[in-house]
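Here's a quick tour of a protein chain, from its overall dimensions down to a few residues. Have the viewer open while you read.

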Amino acid sequence: MVTRQNFQRASLNLSYLEWNQGSEPLLLLHGMADHALVWSNLGDDLQSQYHIIAPDLRGHGDSSKPESGYRFEDYIEDLTALMAHLGWTSAHFLGHSWAVKILTLWIKQSPQLFKSLIFVDPVFIQRFPRWFKITFPIFYKGLPFLRAMGPFNRYETAEKFARRLKQYRGWSPLQEQVFKAGIERKKEGTWGSKFTIAARNEIFNEVMLYDGLTEEITIPTLLIKPEQGLNRTAWQLRSFCQYFKNLQILEVSGNHWVFLEHSAEFNRIVAQFLQQQGDSDTKL
């Protein structure tokens, strides 16, 4: 039931997945270096009730990969234009990891667009000090999901490396499908991620410039906190508790990519939260 669509915005092409059986708008945003197919299981489960859009953000997946233009404002402009293209005046939003910061900055600009928020293991939510930039090469070489960008001499080598990563633990059919959709053969014959180095570098620079949370937000929000995710202390979630006045935090089993590792349980939690919002609207 899912279809691959394209939205042309000036010279930029945004590729996205669409489940168009339901009517209630739901926008799903993947994290850094991922792509829309990570939401394929969730989209399949929720499609009867929701009109679901999951874009490949610029620099990722099958969307355009310009040499520059990976600021938060670029992503927000892309998504605002995509909503206008769809005819959406508001929606429910779900974001994973770095994409949560896109949502927190966007909601300050256009709160009328947001019906509810679901955050999955957020990262980089607040501003980083300038000196932090000197550590970026360490992150690029040390973070396994960035090392998975390659290059690899052979596809089999890339797959062998991927099977050891947290997001592919268990190597289910869904995980294998996600991996294959995120890798490509380069012109020089090597294999590597569709996520680009230009996007990686500018995104890391951007996270230093902005505080994602600076004012109170009353929109219903669910924060999904995997036990083996990135947010393991109360201190890491302090700013969410401070600024979100209608916040639920739910701890679940799994790692940073809980939607790939425990997709059935993850889908149930998301469906339950969204149903609560529908029930509240009915009572009003």
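This is a predicted model: local features need pLDDT of at least 70, side-chain atom pairs count only at pLDDT 80 or more; totals for chains, interfaces and linings use all residues.

Numbering starts from 1 along each chain as its sequence is written, and side-chain values use heavy atoms, with hydrogens and water left out.

The protein chain has eleven helices and ten strands; these are DSSP runs numbered from the N terminus, with helices (H or I) of at least four residues and strands (E) of at least two. A compact globule of 284 residues would have a radius of gyration near 19 Å, and the 18 Å found here agrees with that. That radius is taken over C-alpha atoms, and the globule rule is 2.2 Å times the number of residues to the power 0.38. As for burial, 55% of the residues qualify as buried (under 20% relative accessible area; exposed is over 50%, partly exposed in between, 1.4 Å probe, protein chains only).

Now for the cores, meaning sets of buried Ala, Val, Leu, Ile, Met, Phe, Trp, Tyr and Cys residues joined through side-chain atoms within 4.5 Å. The largest one holds 55 residues, and Phe-93, Trp-98, Trp-106, Phe-114 and Phe-240 touch the most other members. A second, separate core has 40 residues, including Leu-17, Tyr-50, Ile-118 and Tyr-155. Leaving aside neighbours within four places in sequence, Phe-93 is in contact (heavy atoms within 4.5 Å) with residues including Leu-26, Met-83, Trp-106 and Ile-118.

| Helix | Residues | Packing partners of its buried residues |
|---|---|---|
| H3 | 99-109 | E3 (24-29), H2 (72-86), E5 (91-96), E6 (114-120), H9 (238-243) |
| H8 | 197-206 | H2, H4 (136-142), H5 (144-147) |

Nine of the eleven residues of H3 are buried, so the helix is largely enclosed by the rest of the structure. Lys-101 and Thr-104 are among those buried residues. In H8, the buried set includes Arg-200, Glu-202 and Glu-206.

Last stop: Glu-216, in the loop between H8 and strand E9 (221-228). Buried or exposed? At 56% relative accessibility, Glu-216 counts as exposed. Beyond its neighbours within four places in sequence, Glu-216 is in contact with Tyr-243 and Lys-245.
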